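Please read the following note with the structure open beside it. The points are numbered so that each may be checked in turn.

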Amino acid sequence: MMDFKITQKEINERISLFKSLKNAPINIPKKLFKPHIITENSKYWFLEENRVLWNKKMIHLNYSGNKIYLQRVLLMIDFLVRFLEFRGHSFKFDRNGYTYCDINGIEIHFNFRQKTKRVLDEKYINSTYKFYKSENTEVMVFQMYKNSYDRKDWFDTPKTKLEEKLLHIIAYTEIYSENEVEENKKRDEWHRLYDIEQEKIKEIQRLKQLQVEKINKLFESSEKYNQADIVLKYLTDRKKYLFKNNLFTQEEIEYNNWGMTIVKKKKKKLFKDATKNQ
């Protein structure tokens with residue numbers, strides 16, 4: 001049911017603690033006298049045939065079985081609810097509208113049922129194929145779970161009735177919930193450290209990408225600078241040629257000055273942009 005093991009020693013120590021508590025309701029009632037509201041709700045829920053049509057929520061514990069065992073189940077429910085509330089735990093609705101017991105912030109679900117067995121269906125005794133059906137036994141089962149797919153069962157045995165195991169069940173459930181709290185803390189810490197590590201990885205990747213972009217920008221700027229130098233050399237050589245051959249007219253002078261200005265502005269802009277991107 002879980003990754004941690006609950007020992008019998010831990011359970012016995014918790015039961016001893018229960019028995020040492022002043023005014024602890026550790027005795028299971030023989031009769032229902034002023035039953036707890038959750039006990040009354042559980043009885044009403046079991047007997048009310050039209051409950052599936054209700055929209056009203058009712059905090060209760062489920063029992064699935066024959067009506068002849070209802071009183072027995074209600075006595076156990078009354079004891080469980082009173083003792084769990086004495087221990088500071090409370091009953092609430094989960095997000096799906098089902099009753100759970102809040103134990104240290106852990107959602108614990110409880111239910112009672114009769115144990116069933118698979119028997120041959122006599123209606124089809126003469127059939128070519130065998131058909132089976134489920135049949136209730138006299139064995140009562142108590143079920144505790146945090147997740148519906150992962151359940152812990154206690155049941156009647158020839159030597160020990162379920163009533164005698166209730167303190168054991170409560171002790172187990174409390175220890176289980178305490179361990180779950182610690183496991184949740186460990187999981188939360190693992191996720192916290194994992195998130196920190198992921199942020200570090202992202203930062204390293206960001207810095208690497210930034211470095212790549214800076215290098216690419218450097219080569220791109222260098223290439224543009226070389227192009228500007230080529231243009232500058234072209235204008236200088238052109239001016240020399242024209243001047244030497246008396247072709248350096250006023251129009252050529254203006255063209256040369258215009259070109260030199262463009263190159264100077266281009267170089268200035270390249271240096272300015274490079275400074276901004278650092």
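Predicted model: local features only at pLDDT ≥ 70, side-chain atom pairs only at ≥ 80, totals over all residues.

1. The cover over the buried residues of helix H1 includes helices H3 and H4. The residues of H1 that are buried are Ile 11, Arg 14, Ile 15 and Phe 18. Because these residues span an arc of only 100° around the axis, they lie on the same side of H1. The face turned away from that buried side carries Lys 9 and Ser 20, which are exposed.

2. The geometry of H1 may be examined next. This helix has 13 residues, and the distance from its first C-alpha to its last is 18 Å, close to the 18 Å expected at 1.5 Å a residue. As background, an α-helix has 3.6 residues a turn, so residues three or four places apart point the same way.

3. The protein chain has an average pLDDT of 88, and 90% of its residues score at least 70. Among the elements of the chain, helix H3 (residues 70–86) has the highest mean pLDDT, 96, while strand E5 (residues 132–147) has the lowest, 84.

4. Which residues have the most contacts inside the largest nonpolar core? They are Phe 110, Phe 112 and Phe 142, in a core of 40 residues. At least two residues of this core come from each of helix H1 (8–20), helix H2 (37–47), H3, strand E3 (99–103), strand E4 (106–120), E5 and helix H4 (166–244). The element that gives the most is H3, with 10 residues. In soluble globular proteins, nonpolar side chains tend to be buried together.

5. Phe 112 deserves a separate look. Leaving aside residues up to four places away in sequence, Phe 112 touches Asn 62, Tyr 63, Ser 64, Val 73, Met 76, Ile 77, Leu 80, Met 140, Val 141, Phe 142 and Leu 162. One of these partners, Phe 142, is also listed with Phe 112 among the residues with the most contacts inside the core.

6. Charged pairs form the next topic. Side chains of opposite charge can pair when their charged atoms come close. The structure holds 20 salt bridges. A network of salt bridges links Arg 14, Arg 87, Glu 174 and Glu 178; Arg 14 is also one of the buried residues of H1.

7. In helix H4, Glu 183 and Lys 186 are 3 residues apart, which means that about one helical turn separates them. Their side chains meet in a salt bridge, with 3.8 Å from N to O. Are these two partners buried or exposed? Glu 183 has a relative accessible area of 19% and is therefore buried, the limit being under 20%. Lys 186 is exposed, at 55%.

8. A second pair in H4 is Glu 220 and Lys 224, which are 4 residues apart and so separated by about one helical turn. They form a salt bridge in which the closest N and O atoms are 3.3 Å apart. Glu 220 counts as partly exposed at 37% relative accessibility, and Lys 224 is partly exposed with a relative accessible area of 30%.

9. A further pair in H4 is Asp 237 and Lys 233, again 4 residues apart and separated by about one helical turn. The closest N and O atoms of their salt bridge are 2.8 Å apart. Asp 237 is partly exposed, at 36% relative accessibility, whereas Lys 233 counts as exposed, at 53%.

Definitions and conventions:
Residues numbered from 1 in each chain as written. Heavy atoms only, no water. pLDDT = per-residue confidence, 0-100. Core = buried A, V, L, I, M, F, W, Y, C linked by side-chain atoms within 4.5 Å. Buried < 20%, exposed > 50% of the residue type's maximum accessible area, 1.4 Å probe, protein only. Contact = heavy atoms within 4.5 Å. Expected span 1.5 Å × (residues − 1). Arc of directions from axis to C-beta. Salt bridge = Lys/Arg side-chain N within 4 Å of Asp/Glu carboxyl O.
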